[in-house]
Amino acid sequence: MIRHIVRKEFMDVVRDGRFRWCAALVGALLLVSLGTGWVQARNAQKELAAAQATARDHWESQGEKNPHSAAHYGVYAFKPRLALSFVDEGVDSYTGTSVFLEAHRQNDFLLRPAQDATPAQRIGALTAAQVLQHLVPLLIILLTFGALAGERERGTLRQLLATGVGRLELAMGKALGATAALALLLVPAAVVGAAAIVMGSPGPATSPLVRGAVLAGIYLAYFATFIGLSLAVSARAPSARAALVVLLAIWVVNGLVAPRVAVDLSKWLYPTPSAIEFAHTLEQEMANGVEGVDRPDRAAVTQNLLAQYGVERTEDLPINAIGVFLQESEVFGDQIFDRNYGALWDTFKRQGYVHEALAVTAPLLAVRTLSMGLAGTDVEQHRHFAAAAEQYRRDLVERLNGELTENSRTGEVYLASADLWSQMPPFRYDAPEVSWVLKNRALSLLMLGLWLAGAFVVVTYAVRRAEVA
Amino acid sequence: MESGQESRIENTSEVQTVDASETLADSAGATTAPVLEARSLSKRYDDVEAVVGLDLRVGPSEIYCLLGPNGAGKTTTIHLFLGFLEPTSGSAHVMGLDVAEEPLKSKTHLAYVPEQVMLYRNLSGLENLAYFAALGGKESLPTDRLTEILGEAGLQADAVHSRVSAYSKGMRQKVGIAIAIAKEADALLLDEPTSGLDPEASNEFSELLEQLKDRGVAVLMATHDLFRAKETGTRVGIMRHGRLVAEMTTDEIGHADLERIYLEHMHD
């Protein structure tokens, strides 16, 4: 029996000119945003790859040089655009895509597209994720607000129920009918998205197809939630117009109010220092140290080495004492960085938890977090990349300091051979696995699951108690 | 009907007072099992008693017309048989099934034509019929048979494939009847089905009801139309303030009698 309802609902919807126009518009926006997102991501990835190669070329072409000077010369690490970043660019525009790695400093990220964007670009930048998160739910509302309220108003609900069809069967048929109509625009988008991943992903990612499949599942759960809520409101509202008003209010709260409140509340609960404050604290601690983290004393380092090797003069040491001091300074700096950046990242993480917890008020918050996570463009994966780049910087500087320490004596002018630089491995970044992403976003998964289950319960309750006339 | 309450039940033009539980069908000695039966059926909305202790039986091949002014409880009675409303007390039965206990199963025996048959504007008459017939359990009816049914219901052949948005009320009513025919239901519930129809369409409608009656269908029709009730019905019940105040067989009264009895009850 349900298949008849599904078929009729589908036919009824696709014959409706209003739906055809809306679906064509949303479908076109979705395909265009997917296409432009993919092209932009691929171009960005190409530019990053070219920049990475140039930076590496510069690094390897340094010629004979003191290893510590080379550490100051530094290298760039470029954050790759992951395979699904064309679907959801997340916070990439704000976090930056490259970082300069050098001795003694943990630098901020550079190349933030949002900094260079004109106001028009900022407003007009439409991603596939935005279409899926905002416009498709709006289309669902337009498709389903009159599903039951409209039938009641027109008088067809009485005739339907008089046939002996069960209320839940009717609601299920209507839900599936709306799903079939939505499939007209979502299936082509999914095919285009999958083809984009298979034919040539813009950037690396572990299991991009798995990520894509999970992402599709997340969005389907989101749409199912909206269909359920919409049908529930339609079942209980006194008229189709009232149902539309209520559902539009839900859409506004979900898409506009809740995200704004989540940002403000999370910042209020867990404030972050301003960039100037943060830099000032870092500078002070680097200059003076903090309790438990003392700045290394060059004389003490030298004295320890003399005692360790049983000699009286630095010239007699078999190693370069300056190299040892530089490395100890590096370790000191790392502790300061870990302390300050660690606290900053932890604050971001707490803000993220607040954001995820507030998804109890709006499913969009959960979906947005999961979408960015699976696209590899969220704060957590930016942190993952930043940690990998910082670890590379520390390993590189330690190795260069080791070269200086092991291959020269204190006071000696030492120039490493030109081929040393190519022996230093280039920076290589492995994006985290899907399981890592989902584990990190377990709270959002739970929230989305609760919304889906809640929508099912609410629609069941509402439809069973819906007025017939 | 409430305990101890009595109702005037009239047979032909002679006024009788009988116990409320004794309907005309009982007194007439009806032996066949009723298709539709109300047993002390009551429905109350807050302070308003919409139906009060209704006892009613409609057997196969009977057309029972419920007469009464607006608010008399006719539509509520039909909605109680359809399970759209839960009775406050008493019960409605269809082919022996308690509607409140088995709402879906009882509806398999019912067809319903409201005052305004509302159909899906984007679908044709044939598609509407196919849809409602399928939901009513007649999924396998071929298109030819569905077209034939629409013809039986009086819909012009050239309108079968037209979208319903272009249909007149009369055409929609015919599709409504076609839905009932396709379902092959044991009982047909009609709520003011001829309201707003022109005389010709009303006559065609009456002829269709006759055909259904001849096939053994039990018909319960709520109407304001005394003439139609007398012409079409086999029995007539008059409702007022939720109560069945009079019941009579139509072949024993004239139009004038029915009108007089009706007006008497309205002015009591």
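In this predicted model, α9 and α10 of chain A each contribute at least two residues to the lining of the second largest cavity.

The largest cavity has a volume of about 120 Å³. Residues of both chain A and chain B line this cavity: among its 15 lining residues, A:Gln159, A:Thr163, B:Ala111, B:Tyr112 and B:Ile179 lie nearest its centre. At least two lining residues come from each of α9 (156-162) of chain A, β8 (110-113) of chain B and α6 (169-183) of chain B. The lining of the largest cavity comprises 10 nonpolar, 4 polar and 1 charged residues. In total, 5 cavities of 30 Å³ or more are counted.

The second largest pocket holds about 890 Å³ of space. Its lining consists of 38 residues, and those closest to its centre are A:Leu186, A:Ala216, A:Tyr219, A:Leu220 and A:Phe223. Four helices of chain A, namely α2 (17-60), α10 (167-199), α11 (208-236) and α20 (442-464), each provide at least two lining residues. Of these helices, α10(A) gives the largest share, with 15 residues. The lining of this pocket contains 33 nonpolar and 5 polar residues, and no charged residues.

The table sets out the lining classes of these spaces.

| Space | Nonpolar | Polar | Charged |
|---|---|---|---|
| Second largest pocket | 33 residues | 5 residues | no residues |
| Largest cavity | 10 residues | 4 residues | 1 residue |

Two residues of chain B concern the backbone. Most residues other than glycine have a negative phi. B:Glu184, although not a glycine, has a positive phi of about 55 degrees. B:Glu184 is located in the loop between α6 and β9 (187-191) of chain B. Because its relative accessibility is 56%, B:Glu184 counts as exposed, the cut-off for that class being over 50%.

B:His241 likewise is a residue other than glycine with a positive phi, in this case near 50 degrees. B:His241 is placed in the loop between β11 (235-240) and β12 (243-249) of chain B. With a relative accessibility of 53%, B:His241 therefore also counts as exposed.

Note on methods. Residues numbered from 1 in each chain as written. Chains lettered and ligands numbered in written order. Predicted model: local features only at pLDDT ≥ 70, side-chain atom pairs only at ≥ 80, totals over all residues. Heavy atoms only, no water. 1 Å grid on protein atoms, 1.4 Å probe; cavity = no way out; pocket = protein on both sides within 12 Å on 5 of 7 lines; lining within 4 Å. Points joined across faces, edges and corners; volume = space filled by probe spheres on them. Nonpolar A, V, L, I, M, F, W, Y, C, P; charged D, E, K, R; others polar. Buried < 20%, exposed > 50% of the residue type's maximum accessible area, 1.4 Å probe, protein only.
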